[in-house]
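User: I would like to go through some of the terms used for this protein and see what each one rests on.

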Amino acid sequence: FISIGDNEVEFSPNFRLFMHSKLSSPHYPPEVQAETTLVNFSVTELGLEEQLLARVVKFERADLAAQRSALILQQNLFTIKVKQLEDNILVRLADAQGDITEDRALIEELEMSKRISDEIVIKLEESRVTAEKIIVTSEQYRPVARRGSLLFFVMNNLHKMHSYYQFSLNSFIFFFLRGIKDAAFPGEE
């Protein structure tokens, strides 16, 4: 049982309490911190810069954003394939009876796995080169993202002047992207 106000309530092991604070860096006594998990969702200047860079690249060079997503997916699929090959080889070796050098099916499977693994290594190297090209091209938009991040944190401190100047990160990103769109196509509505 736990005490809540004047009442004693039966405690359930499935009970969870989530608390939210507007404080950017709340400080709790050690006995509270020992019993809780603190998750800080506040954005950092560098983290926001990376988010804005991804959004600017997606807007300005949708082809690069799509290519980057495809590369990440391809690399994940390659990793899964290699893991499946390794697991299959380990199962075949564990199930092998007698002298494994005489098991023709096992040797053929090992050779096929080696060939597939070599192909994956070549494709991974090609994707690494492509990823580097994408990064170099994306970095051309870094100054825009850096200035956007700086602007957000400057504007975020305006609430100290007056409570009227409070806004969310989502609204900032909305107007940031709208500004990029208006800058890209001046005079068009």
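This is a predicted model: local features need pLDDT of at least 70, side-chain atom pairs count only at pLDDT 80 or more; totals for chains, interfaces and linings use all residues.

User: Why are α3 and α4 called roughly antiparallel?

Analyst: The axes of α3 and helix α4 (residues 104-138) cross at roughly 160°. Angles over 145 degrees count as roughly antiparallel, and α3 and α4 therefore get that label. Their axes come within 9 Å, and the crossing is left-handed.

User: What makes up the contact of α3 with α4?

Analyst: Its residues divide into 15 nonpolar, ten polar and five charged.

User: Which residues touch the most other members of the largest nonpolar core?

Analyst: They are Leu52, Phe172 and Phe176, in a core of 16 residues. Two or more residues each come from α2 (45-60), α3 (62-95), α5 (142-156) and α6 (169-184). The largest share, five residues, is that of α2.

User: What is Phe172 in contact with, beyond its neighbours within four places in sequence?

Analyst: Phe172 is in contact with Leu52, Gly148, Leu151, Phe152, Met155 and Phe167. Contact here means heavy atoms within 4.5 Å. One of these partners, Leu52, is also among the core residues that touch the most other members.

Key:
Residues are numbered from 1 along each chain as its sequence is written. Side-chain values use heavy atoms; hydrogens and water are left out. A nonpolar core is a set of buried Ala, Val, Leu, Ile, Met, Phe, Trp, Tyr and Cys residues joined through side-chain atoms within 4.5 Å. Buried means under 20% relative accessible area, exposed over 50%, partly exposed in between (1.4 Å probe, protein chains only). Helices (H or I, at least four residues) and strands (E, at least two) are DSSP runs, numbered from the N terminus. Axes are lines fitted to C-alpha atoms, for helices over the stretch in contact, and angles run from 0 to 180 degrees between N-to-C directions. Angles under 35 degrees count as roughly parallel, over 145 as roughly antiparallel, 65 to 115 as roughly perpendicular and the rest as oblique. A crossing is left-handed if the near helix is turned anticlockwise from the far one by less than a right angle, and right-handed if clockwise. Ala, Val, Leu, Ile, Met, Phe, Trp, Tyr, Cys and Pro count as nonpolar, Asp, Glu, Lys and Arg as charged, and the others, Gly among them, as polar.
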